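Keep the sequence and the 3D view open as you read.

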Amino acid sequence: MQALNASRTPLSWAQDFVRKNGHGFLISVVVAVAAQFLSEHYGAPAMLMALLLGIAFHFLAEEDTGSCKAGIDFTARTVLRFGVALLGARISVELMVGLGPQLIAVVITGVILTILFGLLGARLLGRGWRFGVLTGGSVAICGASAAMALSAILPKNEHSERNLIFTVLSVTVLSTVAMIAYPILTETFDFDDQISGVFLGGTIHDVAQVVGAGFSVSDEAGEVATMVKLIRVAMLAPVVLVISALVRRYAEFSEDEGKRPPILPMFVVGFLIFATLNSLGFIPEFISSAMASLSRWALLVSIAAVGMKTSLKRILDVGGQAIALIVAETVFIAVLVLAGVYLVHF
């Protein structure tokens, strides 16, 4: 048998891979394309549309559904990590240093304290520590992308997929609400363009909504908001590394929860490599833009697959306390960043 396996050609391995995973992957791509179409024509967030459409096709990921389940699992796991790694191509130190050390400190402090607030809130509400890390990290860093990256390194239990879907759904909806409401707040409080940009970029969860909100105020506010948001995205790698190390050191594992995460997850290695290369100017602008677009599509396809893996009934079982926690985290980071901006400027 070993000799037979050794004699197999790369083409035969590729054929087996496509035969096993192709159906589930292609279905996820079709759902992602449909979500993008709805987003472009009706203004709905693409991530939200991919998630909801994916949930509608949950029956394809059930155990007895034939040839789709393996491909959906592959897409939700491997394609997700590929997309997160490519996010590093969006990071450039040069773009961030112009913001100034004080405002950068405000943003980084907001990320760290929001995650700690999520852990504390989860404990007070009787939720597990995994849920506090997942919701706090997604609110603090970059919404759905952070939620999926953190989920990949947290030990699994029977609620893992449900909590991930709930978190992605919640942060996407809250980001959309913030994209509409926060620019109105900046006008009400008569913020200048820089303060508006820092507030919007430091508080709204998803990148697309940050860009939309920032440029709805002014071009300068949009540019500052995007830079601030990229600082939060850059925090993804160190946060995942720290949490992965703490999980390996302190979390208790059982056979049901799966293996311990690696000390240095490969998708984080990829993220750091791409961020370093881009910061050093080794990635041309057109390639960086192409990688960012590929990352967005990979995350969109993977979130469609994640949606297929979880039933709507399980999401509804999450409870009101979970909703209260993620809303509280959203309000917490907004107040914290706003207070920090005022301390810096006034």
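**A salt-bridge network and its surroundings**

Lys-69 and Asp-73 sit 4 residues apart in helix α4 (residues 69-86), so about one helical turn separates them. Helices here are DSSP runs of H or I with at least four residues, strands are runs of E with at least two, and both are numbered from the N terminus. An α-helix has 3.6 residues a turn, so residues three or four places apart point the same way. Lys-69 forms a salt bridge with Asp-73, and their closest N and O atoms are 2.9 Å apart. A salt bridge here means a side-chain nitrogen of Lys or Arg within 4 Å of a carboxyl oxygen of Asp or Glu.

Two notes on the model belong here. It is a predicted model, in which local features need pLDDT of at least 70 and side-chain atom pairs count only at pLDDT 80 or more, while totals for chains, interfaces and linings use all residues. Residues are numbered from 1 along each chain as its sequence is written, and side-chain values use heavy atoms, with hydrogens and water left out.

Is Asp-73 buried or exposed? Asp-73 counts as buried, at 17% relative accessibility. Buried means under 20% relative accessible area, exposed means over 50%, and partly exposed lies in between (1.4 Å probe, protein chains only).

Asp-73 also meets Lys-309 in a salt bridge, at 3.5 Å from N to O. This pair links distant parts of the chain. Lys-309 is in the loop between α15 (285-308) and α16 (312-316), Asp-73 is in helix α4, and the two are 236 residues apart. Lys-309 is partly exposed, with a relative accessible area of 23%.

Lys-309 has a salt bridge with Glu-161 as well, at 3.1 Å from N to O. Again the pair links distant parts of the chain: Glu-161 belongs to helix α9, and 148 residues separate it from Lys-309. Glu-161 is partly exposed, at 31% relative accessible area. Through shared partners, salt bridges join Lys-69, Asp-73, Glu-161 and Lys-309 into one network. How many salt bridges does a search of the whole structure find? The search finds 3.

Now turn to the helices. Helix α3 (residues 46-56) is largely enclosed by the rest of the structure, because 8 of its 11 residues are buried. Among the buried residues of α3 are Met-47, Leu-48, Met-49 and Ile-55.

Helix α6 (residues 101-124) has 24 residues. At 1.5 Å a residue α6 should span 34 Å, and its end C-alpha atoms are 34 Å apart, which agrees. The expected span is 1.5 Å times one less than the number of residues. The buried residues of α6 include Leu-103, Val-107, Gly-110, Thr-114 and Gly-118. Ala-122 of α6 is buried too, at 0% relative accessibility. Ala-122 and Thr-135 are 13 residues apart in sequence, and their C-alpha atoms are 9.2 Å apart in space. After α6 comes Gly-126, whose phi is positive, near 75 degrees.

Helix α13 (residues 236-250) holds Val-247. Val-247 is buried, with a relative accessible area of 3%.

Last, the charged surface. Patches are made of residues with over 30% relative accessible area and no salt bridge; like charges are joined within 9 Å, and nonpolar side chains (Val, Leu, Ile, Met, Phe, Trp, Tyr) within 5 Å. Lys-20, Arg-77, Arg-81 and Lys-156 gather in a positive patch. Lys-156 is in the loop between α8 (144-153) and α9 (160-188). Lys-156 is partly exposed, at 33% relative accessible area.

Glu-187, Asp-190, Asp-192, Asp-219, Glu-220 and Glu-223 form a negative patch. Which helix gives the most to the negative patch? Helix α12 (residues 219-234) does, with 3 residues. Glu-223 is found in α12. Asp-190 is in the loop between α9 and α10 (193-203). Asp-190 counts as exposed, at 67% relative accessibility. Its phi is near 60 degrees, a positive value in a residue other than glycine.

Terms used. Areas by Shrake-Rupley, 256 points an atom, 1.4 Å probe, with all protein chains shown as cover. Lys, Arg positive; Asp, Glu negative; His and termini not counted. Charge placed at Lys NZ, Arg CZ, Asp CG, Glu CD.
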